[in-house]
Amino acid sequence: MAEEPKEKPAGKKAGFDAPIADPGDSSKLPVYIHPDTLMVKGIAPDSKERVAINLDALRYEFGDKKALEKYKKIARTGGFLDPNQTATGEQFFPDLSLDGLKPAVRQEIDAILKQE
Amino acid sequence: MAGTAKSYNTSMVELGPGDVWLNVATPGAGARVTIHTDGTPESVANPSAKHLGMTTEGARLIYSPQVQNFTSDEQTAPIISQIGDEELRIEGTSLQILDTALMTYLIAGSTFGSGSGYEQNTVGGKQTLATFSVLYVAPIFADTTKFLVVSIYKAYNAAGWNTPVSRKAMSGVPFNFFGLSISSRAAGDQLGNVWKTVAA
């Protein structure tokens with residue numbers, strides 16, 4: 001029997017529910033932290049909702065391999081781009097804006113993010 | 001029978017300046033880049049956006065279709081025309097040449113590096129081309145709470161790095177952000193978009 005996708009526990013890592021401690025020097029911030037909000041990139045500081053997909057943030061959250069898999073699935077699902085169709089060796093993994101997507105598409109993307 | 005109304009409308013006239021942004025978030029199918037009320041890319045929705053800074057004379061926004069005309073021996077004018085190639089570009093000259101992080105975008109094929117006491121761009125021997133999105137935003141002249149926006153989803157600087165250095169003039173780096181097709185997006189929306197905000 002196929003296993004049901006498990007939901008990832010909310011607030012597992014720092015920067016999703018609250019800003020991280022300010023190191024006082026923006027060059028010391030991890031690449032996945034937004035320098036203005038001190039939250040994980042793509043997470044709105046007020047609502048804690050994800051408004052953009054950033055590959056570095058996904059790597060922090062899910063690890064390198066799963067992050068890339070999820071990024072590619074989301075990119076295709078949202079009609080952003082299909083990374084599998086870009087030239088070999090090309091590194092084009094732009095941030096993906098979740099604003100303005102159809103509700104059904106957004107739900108699919110949320111499901112991809114919640115899958116373990 | 002009445003005549004037809006003319007459309008002399010200054011609210012449809014644009015007069016700059018505007019701003020160029022790099023590496024904004026790619027919008028999904030049918031969507032647009034999220035713009036803040038001040039006309040900048042919304043910060044959380046565009047976490048990697050980079051401002052190009054000052055330019056010498058603003059920017060030139062260019063869409064050029066190369067139309068192929070087909071003729072018949074029996075007609076004097078083309079009977080079929082279609083777009084064979086198309087280009088979407090944003091051109092200008094950047095003044096902030098000492099911003100090494102910015103130069104990483106402008107010098108195609110370069111790699112940014114930094115350490116104790118230096119920042120650098122190295123070039124040579126890299127075959128892959130770094131690509132990024134480009135966004136132009138300008139307040140509309142007649143209503144500065146609204147914006148004219150041009151977006152290229154994927155581009156590189158085709159102008160190279162060609163910088164005069166002189167005592168009598170400021171140095172600048174030309175940019176020709178040349179749009180590449182994202183073939184996996186829907187036909188008609190593979191290069192970018194031109195839009196403006198209007199009253200909701």
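A residue is buried if 20 or more other C-beta atoms lie within 10 Å of its own, exposed if 12 or fewer, and partly exposed in between, with C-beta atoms placed from the backbone. With 24 C-beta neighbours inside 10 Å, A:Pro94 therefore counts as buried. The structure is a predicted model, in which local features need pLDDT of at least 70, side-chain atom pairs count only at pLDDT 80 or more, and totals for chains, interfaces and linings use all residues. Residues are numbered from 1 along each chain as its sequence is written, while chains are lettered from A and ligands numbered from 1 in the order in which they are written.

**Confidence**

- The predictor assigns the complex an ipTM of 0.88 and a pTM of 0.91.
- For chain B, the mean pLDDT (the predictor's confidence in each residue, from 0 to 100) is 95, and 100% of its residues reach 70 or more.
- The average pLDDT of chain A is 87, and 86% of the residues score at least 70.
- Residues 1–9 of chain A have a pLDDT below 50, and this stretch has 7 contacts in the model beyond near neighbours in sequence; two residues are in contact if their C-beta atoms, placed from the backbone, lie within 7 Å.

**Chain B as a whole**

- Chain B has 1 helix and 10 strands; helices (H or I, at least four residues) and strands (E, at least two) are DSSP runs, numbered from the N terminus.
- The order of these elements along the sequence of chain B is β-β-β-β-α-β-β-β-β-β-β.
- Along the principal axes, the C-alpha atoms of chain B fill a box of roughly 75 × 45 × 40 Å.
- Chain B has 200 residues, of which 30% count as buried.
- Of the contacts in chain B between residues at least 6 apart in sequence, 59% join residues at least 24 apart.

**Helices of chain A**

- In chain A, helix H1 (residues 55–62) packs with helix H2 (residues 64–77) at an angle of about 130°, and their axes are 7 Å apart. Axes are lines fitted to C-alpha atoms, for helices over the stretch in contact, and angles run from 0 to 180 degrees between N-to-C directions.
- H1(A) and H2(A) are therefore oblique to each other; angles under 35 degrees count as roughly parallel, over 145 as roughly antiparallel, 65 to 115 as roughly perpendicular and the rest as oblique.
- To this contact H1(A) contributes A:Leu55, A:Leu58, A:Arg59 and A:Phe62, and H2(A) contributes A:Asp64, A:Lys66, A:Ala67, A:Lys70 and A:Tyr71.
- By class, the residues of the contact of H1(A) with H2(A) are 5 nonpolar, no polar and 4 charged. Ala, Val, Leu, Ile, Met, Phe, Trp, Tyr, Cys and Pro count as nonpolar, Asp, Glu, Lys and Arg as charged, and the others, Gly among them, as polar.
- A:Leu55, A:Ala57, A:Leu58 and A:Tyr60 are the buried residues of H1(A), and what covers them includes strand E1 (52–53) and H2 of chain A.
- After H1(A) comes A:Gly63, with a positive phi near 90°.
- The axes of H2(A) and helix H3 (residues 103–114) of chain A cross at roughly 175° and come within 10 Å, which makes H2(A) roughly antiparallel to H3(A).
- This second contact joins A:Lys70, A:Lys73, A:Ile74 and A:Thr77 of H2(A) to A:Val105, A:Glu108, A:Ile109, A:Ile112 and A:Leu113 of H3(A). Its residues divide into 5 nonpolar, 1 polar and 3 charged.

**Where the chains meet**

- Contacts between the chains involve 25 residues of chain B and 27 residues of chain A. The side of chain B that touches chain A has 11 nonpolar, 11 polar and 3 charged residues.
- A:Pro94 is in the loop between H2 and strand E2 (96–97) of chain A. Leaving aside its neighbours within four places in sequence, A:Pro94 is in contact with B:Ala25, B:Thr26, B:Phe132 and B:Ser133.
- In chain B, B:Thr34 lies in the loop between strand E1 (19–22) and strand E2 (50–51). B:Thr34 counts as buried, with 20 C-beta neighbours inside 10 Å.
- Not counting residues up to four places away in sequence, B:Thr34 touches A:Ser97 and A:Asp99 of chain A, as well as B:Pro41, B:Glu42, B:Ala45 and B:Asn46 of chain B.
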